[in-house]
Amino acid sequence: LVEVTGGEPLLQKEVYPLMEQLLVEGYQVLLETSGERSIGEVPREVIKIVDVKCPDSGEGGTFDMTNLDHLAPHDQVKCVIASRRDYEFARDFTRRHDLPSRVAAVIFSPVHGALDLKQMAEWILADGLQVRFGYQLHKLIWGADARGV
């Protein structure tokens, strides 16, 4: 298993032949991307984990909407959520594009320290969303500034 991440790995033109070679050699390949660049040239077999930037990320509106056409059933879409406004944006985006029926997982991930975890879980349950609650557990255990854990 190899996960390609960054910064933004799709900024490097060499990433495409790298992913192809890893697939040829029998690796399962995952790609984490910000969603602002097209995933259209990424080999279909690669499991793409694509971010949708919410408004309070400071990068709202940067998602390349054509990426929705390139998602495969094994891919994942991740929304990092810092506020109720972000949650509502992610909820509405997920519903509007019927993401739970199109990809393996939709992940709502709260920004560490920005939201009450229980409150966000309650929002998800109240809205009946088919999403995963993704939290960076290492930040809770060792703290947000810990390195190498």
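Phe63, Phe89 and Phe93 form one aromatic cluster. The model is predicted: local features need pLDDT of at least 70, side-chain atom pairs count only at pLDDT 80 or more, and totals for chains, interfaces and linings use all residues. Residues are numbered from 1 along each chain as its sequence is written, and side-chain values use heavy atoms, with hydrogens and water left out. Helices (H or I, at least four residues) and strands (E, at least two) are DSSP runs, numbered from the N terminus.

**Aromatic pairs**

- The whole structure holds 4 aromatic pairs, where rings of Phe, Tyr and Trp (its six-membered ring) pair if their centres lie within 6.5 Å; planes under 30 degrees apart count as stacked, over 60 as edge-to-face and the rest as tilted.
- The ring centres of phenylalanine 63 and phenylalanine 93 are 5.7 Å apart and the planes stand at 85 degrees, so this pair is edge-to-face.
- That pair links distant parts of the chain, 30 residues apart: phenylalanine 63 is in the loop between strand 3 and helix 2 (67-70), and phenylalanine 93 is in helix 3.
- Phenylalanine 89 and phenylalanine 93 make a stacked pair, at 6.0 Å centre to centre and 25 degrees between the planes.
- Phenylalanine 89 and phenylalanine 93 are 4 residues apart in helix 3, and therefore separated by about one helical turn.
- Phenylalanine 63 is buried at 14% relative accessible area, phenylalanine 93 is buried at 4%, and phenylalanine 89 is partly exposed at 28%. Buried means under 20% relative accessible area, exposed over 50%, partly exposed in between (1.4 Å probe, protein chains only).

**Strand 4**

- Of the 6 residues of strand 4 (residues 76-81), 5 are buried, so the strand is largely enclosed by the rest of the structure.
- Strand 3 (residues 47-52) runs parallel to strand 4 and is joined to it by 4 bridges; two strands pair if DSSP finds at least two bridges between them.
- Strand 4 also pairs with strand 5 (residues 105-110) in the parallel sense, over 6 bridges.
- Valine 77 of strand 4 is the bridge partner of valine 50, and its partner in strand 5 is valine 106.

**Helix 4**

- Met120, Trp123 and Ile124 are buried in helix 4 (residues 117-127). They cover an arc of only 95 degrees around the axis, which puts them on the same side of helix 4; the arc is that of the directions from the helix axis to the C-beta atoms.
- Lys118, Leu125 and Ala126 are exposed on the other side of helix 4.
- Glycine 128, which follows helix 4, has a positive phi, near 60 degrees.
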